[in-house]
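I opened my notebook to get to know a structure that was new to me. Here is what I looked up, entry by entry.

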Amino acid sequence: MLKLGTVDIPLVRSPFYVLVYIGTWHIGIALVDMVSTCPLCRLACVILFPIAITFYITWWFVHFVDGFFSPIYANLGISIFGLGFVTSITFIFLVGVFMSSWLGASALSLGEWFIKRMPFVRHIYNASKQISTAISPGCYSYQNTQAFKEVAVIRHPRIGEYAFGFITSTVVLQTDSGEEELCCVYVPTNHLYIGDIFLVNSKDVIRPNLSVREGIEIVVSGGMSMPQVLSTLIPNSIHADKTRRSRS
């Protein structure tokens, strides 16, 4: 082995290959230095990186979804790329149309009744259902009780520091001194699926003028999509929003 810095180059019979290894290594170092020092190269990397990631994930998604129905068409002798993807998207759309009807909702309720009586499967289904409901709140009226209600900012963990979370429910705490309305605030600690739950007095909860979808985007992006200025909701609009949710 030939030691070149921290790189081990295997020795071969012909010295030409050794020169190729050394030349490639020096060219790579030169390219890295050029990209790191040239402002235009850094700008190009900043622009091209999200585009490349978007195309890669989109291409992977197309192949992944296309794989559901492509074997069926392959057995029929039909080999058209993208046909399985179109079929999958059409199938998802038709399922959504069917589930939005009374018959689909009844079939879903019957299926959930069977699933919730299976010892192990019901826990997986309930967890996955809560996650999907949180990401897409308000898809069904019966899911509104489990979805994120509002975006909330609470004082945590120390004075002068704030945590970003979501109001999931409200509870009334009865003590000897009286009753106190508490908000159940879910604060994500690992993107959106793992977090802590805090019971905070409703008067101490700061409600920014953000929708739940905007709050989810802020959490998933690691705070990079946070607006520069946060404004709180007007008390009248908060009361109207609570009245609208109670009626629904």
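**Entry on cysteines.** I began with a reminder to myself that this is a predicted model. I looked at Cys183 and found this residue buried, with a relative accessible area of 1%. Cys184 also counts as buried, at 13% relative accessibility. Does the model hold any bonded pair, or how many disulfides are there? I counted zero disulfides. The reason is distance: a disulfide needs cysteine sulfur atoms within 2.5 Å, but the sulfur of Cys183 is 8.9 Å from the closest cysteine sulfur, in Cys184, and that is too far for a bond.

**Entry on the record.** Next I turned to UniProt, where an unreviewed entry lists residues 16-36, 43-62 and 82-108 as "transmembrane region". I checked two of these spans in the model. Residues 43-62 are 100% helix and 0% strand, and their end C-alpha atoms are 29 Å apart. Residues 82-108 are 89% helix and 0% strand, with 30 Å between the end C-alpha atoms.

**Entry on a helix pair.** How do helix 2 and helix 3 cross? I found that the axes of helix 2 (residues 39-75) and helix 3 (residues 83-99) come within 6 Å and cross at roughly 95 degrees. Angles of 65 to 115 degrees count as roughly perpendicular, so that is the word I wrote down for helix 2 and helix 3. I then listed who touches whom: helix 2 brings residues including Phe61, Phe68, Phe69 and Tyr73, while helix 3 brings Leu83, Phe85 and Phe91, among others. By type, the residues of this contact divide into nine nonpolar, four polar and one charged.

How values were computed:
Residues are numbered from 1 along each chain as its sequence is written. This is a predicted model: local features need pLDDT of at least 70, side-chain atom pairs count only at pLDDT 80 or more; totals for chains, interfaces and linings use all residues. Side-chain values use heavy atoms; hydrogens and water are left out. UniProt positions are given in the numbering used here, feature names are shortened, and annotations may be inferred rather than shown by experiment. Helices (H or I, at least four residues) and strands (E, at least two) are DSSP runs, numbered from the N terminus. Buried means under 20% relative accessible area, exposed over 50%, partly exposed in between (1.4 Å probe, protein chains only). Axes are lines fitted to C-alpha atoms, for helices over the stretch in contact, and angles run from 0 to 180 degrees between N-to-C directions. Angles under 35 degrees count as roughly parallel, over 145 as roughly antiparallel, 65 to 115 as roughly perpendicular and the rest as oblique. Contact means heavy atoms within 4.5 Å. Ala, Val, Leu, Ile, Met, Phe, Trp, Tyr, Cys and Pro count as nonpolar, Asp, Glu, Lys and Arg as charged, and the others, Gly among them, as polar.
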